[in-house]
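Colleague: Before I rely on any of the labels attached to this model, I would like to go through them with you and hear the criterion behind each one.

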Amino acid sequence: MKKVELVEAVAEAAGLTKADATRAIDATFAEITKALANGDKVPLVGFGTFSVSKRAAREGRNPKTGETVQIAARNAVSFKAGSALKDSVN
């Protein structure tokens, strides 16, 4: 599902205009992003939990040349699906 399709589905389900649905979806994504940038978890009951995990620096290998390269430490976003989401998919 693309964002345009999501906007159309939300607009229809909530009785909103497409413009209002777009603003609502964009605001939701912005707030989730802001919370993750602050290091917070974002639990959405019945859907899942977004969180930030730290990845340590490590050595990798360039597959083309075989040369060893250093991969810097970084933060990564992770998502753990909730039980209701898992049940609806299976």
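## Labels and their criteria

Modeller: Lys18 forms a salt bridge with Glu8, the closest N and O atoms being 3.6 Å apart. This is a predicted model, in which local features need pLDDT of at least 70 and side-chain atom pairs count only at pLDDT 80 or more, while totals for chains, interfaces and linings use all residues. Residues are numbered from 1 along each chain as its sequence is written, and side-chain values use heavy atoms, with hydrogens and water left out.

Colleague: Why is the pair of Lys18 and Glu8 called a salt bridge?

Modeller: The term requires a side-chain nitrogen of Lys or Arg within 4 Å of a carboxyl oxygen of Asp or Glu. The closest N and O atoms of Lys18 and Glu8 are 3.6 Å apart, so the pair meets that limit of 4 Å. The pair links distant parts of the chain, with Lys18 in helix 2 and Glu8 in helix 1 (residues 3-14), 10 residues apart; helices here are DSSP runs of H or I with at least four residues, strands are runs of E with at least two, and both are numbered from the N terminus.

Colleague: What makes Glu8 partly exposed?

Modeller: Glu8 has a relative accessible area of 36%. Buried means under 20%, exposed means over 50%, and partly exposed is in between, with a 1.4 Å probe and protein chains only; Glu8, at 36%, is therefore partly exposed.

Colleague: How many salt bridges does the structure hold, and which residue forms one with Asp20?

Modeller: The structure holds 4 salt bridges. Asp20 pairs with Arg23, their closest N and O atoms being 2.3 Å apart, and both residues lie in helix 2, 3 residues apart, about one turn of the helix. Asp20 is partly exposed at 32% relative accessible area, whereas Arg23, at 52%, counts as exposed. Another of the salt bridges joins Glu31 to Lys34, with the closest N and O atoms 3.3 Å apart; these residues are also in helix 2, 3 residues apart, and so are separated by about one helical turn. Glu31 counts as partly exposed at 46%, and Lys34 is partly exposed with a relative accessible area of 46%.

Colleague: Why is helix 1 called roughly perpendicular to helix 2?

Modeller: The axes of helix 1 and helix 2 come within 8 Å and cross at roughly 115°. That makes helix 1 roughly perpendicular to helix 2, because the label covers 65 to 115 degrees, while angles under 35 count as roughly parallel, over 145 as roughly antiparallel and the rest as oblique. The axes are lines fitted to C-alpha atoms, for helices over the stretch in contact, and angles run from 0 to 180 degrees between N-to-C directions.

Colleague: What makes strand 1 and strand 5 the edge strands?

Modeller: The 3 strands form an open sheet in the order 1-2-5, with antiparallel pairing. Strand 1 (42-44) and strand 5 (74-81) are the edge strands, since each pairs on one side only. The twist averages 25° from one strand to the next. Strand 2 and strand 5 pair over 8 bridges, and the bridge partner of Ser53 in strand 5 is Ala76. Helix 2 (residues 18-37) lies across strand 1, strand 2 and strand 5, running at about 35° to strand 2.

Colleague: Is Ser51 buried or exposed?

Modeller: Ser51, in strand 2, has a relative accessible area of 14% and is therefore buried. Not counting residues up to four places away in sequence, Ser51 touches Leu36, Lys41, Ala76, Val77 and Ser78.

Technical notes:
Two strands pair if DSSP finds at least two bridges between them. Contact means heavy atoms within 4.5 Å.
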